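Visitor: Please show me the chain and its model, and then take my questions one at a time.

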Amino acid sequence: MNSTNFRMPARRLAVVAAATALAAGPAALAGAGSAQATGEHGSASATVLRTGLDVALLDKSVNAPLTVSLNEVHAPQSARKTLLTADLEGVDEGRPFSVLRAEVADAKATVEGERAESSTTLAKARVHVPGLPLLSLIELEKVTSKAVCESGRTPLASATLPGSVTVLGKRVTLTSEGTTEVTVPGVGEVRLDLSRTETTSRTAAATALRLKVAVNPAKLNVAEVNGTVTLAEAKCEAPAAPAEQPAAPAEEQAAPAESEESRTADVQPQGARAEQPTGADLAETGGDSRTPYIAGAAVALLAAGGAGVALSRRGRRN
């Protein structure tokens, strides 16, 4: 009776151990073979106008930076404004002045899936700087910029310009790219960088116009205005490409299907005595993907059986 009571738990233990080994093997293999890629998100930004100017009064008593931007957006956003004013202490008795007036001033930036895109449009625009209330720094019909970045594809950047613009009251013919310098005696100098585009493997940037300003108007409340004005700027960065999944181990790869002749050759007649393979045959056959699980189950069975025998003997002694 005591022997029977000890043998039953031992058998159950062996069965549970074998089932656990067989179930845990495939689960562990599946966990090791899976991977989740979390690439970086893309980005996009657009700006219709940005200034970085330093304004100095005639007597050099005040140096006031003028740093403003219009419709500066980051994905996913869009904006439309046609008027930008700024306050600058000590200039024009502290009254606000108009930096930009335009009929169209749009900026848009989006990131969707594996694509990032931004664009700007500026039309019928006039840009002013302090000290020149009646004379525009630049007047233009229409400029645009666009940047497109998509994972796995070459980024694109483009900008369009009108045939001509008016700088400090002077009509200037533009080319598709390069640099144009404008000098107006008694007023100042403006250098225009036209249609600047840059691309890398994942990024793109386009600027329709970038003005380097050095204005020193005579007999006005403002002595000097120096700095930069950027018009119609678009930038983007493509999302990172998803990481490639690691190749499956050799034992996971499906074995080639056996031919009909091979399956027929393996079939033994009923009642025939099976021949034991030689040592060389064992070395050649190797094992399939179930071999580690079968071996683990066998070890579990042996361990459980040994434990059952030990408990049985101890029960008999008692």
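**Questions on the predicted model**

Visitor: Is Asn71 buried or exposed?
Guide: Asn71 is found in the loop between strand 3 (69–70) and strand 4. Buried means under 20% relative accessible area, exposed over 50%, and partly exposed in between (1.4 Å probe, protein chains only). At 7% relative accessibility, Asn71 counts as buried.

Visitor: Which residues does Asn71 touch, not counting residues up to four places away in sequence?
Guide: Contact means heavy atoms within 4.5 Å. With residues up to four places away in sequence not counted, Asn71 touches Ala46, Thr47, Val48, Ala79, Arg80, Lys81, Ala105, Asp106 and Ala107.

Visitor: What percentage of contacts between residues at least 6 apart in sequence join residues at least 24 apart?
Guide: Of the 318 residues of the chain, 34% count as buried. Among the contacts between residues at least 6 apart in sequence, the share that joins residues at least 24 apart is 59%.

Visitor: Which cysteines form a disulfide?
Guide: A disulfide is a pair of cysteine sulfur atoms within 2.5 Å, and the count by this rule comes to one. The sulfur atoms are 2.0 Å apart in the pair Cys149 and Cys236.

Visitor: Which parts does the pair Cys149 and Cys236 tie together?
Guide: The two parts are 87 residues apart in sequence. Cys149 lies in strand 9 (residues 138–150) and Cys236 in strand 16 (residues 222–237), so the pair ties together strand 9 and strand 16.

Visitor: What is the handedness of the disulfide of Cys149 and Cys236?
Guide: Both Cys149 and Cys236 are buried. The torsion about their S-S bond is about 70 degrees, so the disulfide is right-handed.

Visitor: What is the phi of Ala232?
Guide: Ala232 lies in strand 16 and is buried, with a relative accessible area of 1%. Ala232 is not a glycine, yet its phi is positive, at about 60 degrees.

Visitor: What is the phi of Leu168?
Guide: Leu168 lies in the loop between strand 11 (164–167) and strand 12 (170–173). At 4% relative accessibility, Leu168 counts as buried. Its phi is a positive value in a residue other than glycine, near 50 degrees.

Visitor: Is the peptide bond from Ala75 to Pro76 cis or trans?
Guide: Pro76 is in the loop between strand 4 (73–74) and strand 5 (77–80). The bond from Ala75 to Pro76 has omega near -5 degrees and is cis.

Visitor: What separates the C-alpha atoms of Leu66 and Asn226?
Guide: Leu66 is in strand 2 (residues 63–66) and counts as buried at 3% relative accessibility. Its contacts beyond four places in sequence include Phe97 and Pro130. Leu66 and Asn226 are 160 residues apart along the chain, and their C-alpha atoms are separated by 9.9 Å.

Visitor: Is Glu103 buried or exposed?
Guide: Glu103 is found in strand 7 (residues 97–112). Leaving aside neighbours within four places in sequence, Glu103 is in contact with Thr82, Ala123 and Lys124. At 58% relative accessibility, Glu103 counts as exposed.

Notes
Residues are numbered from 1 along each chain as its sequence is written. This is a predicted model: local features need pLDDT of at least 70, side-chain atom pairs count only at pLDDT 80 or more; totals for chains, interfaces and linings use all residues. Side-chain values use heavy atoms; hydrogens and water are left out. Helices (H or I, at least four residues) and strands (E, at least two) are DSSP runs, numbered from the N terminus.
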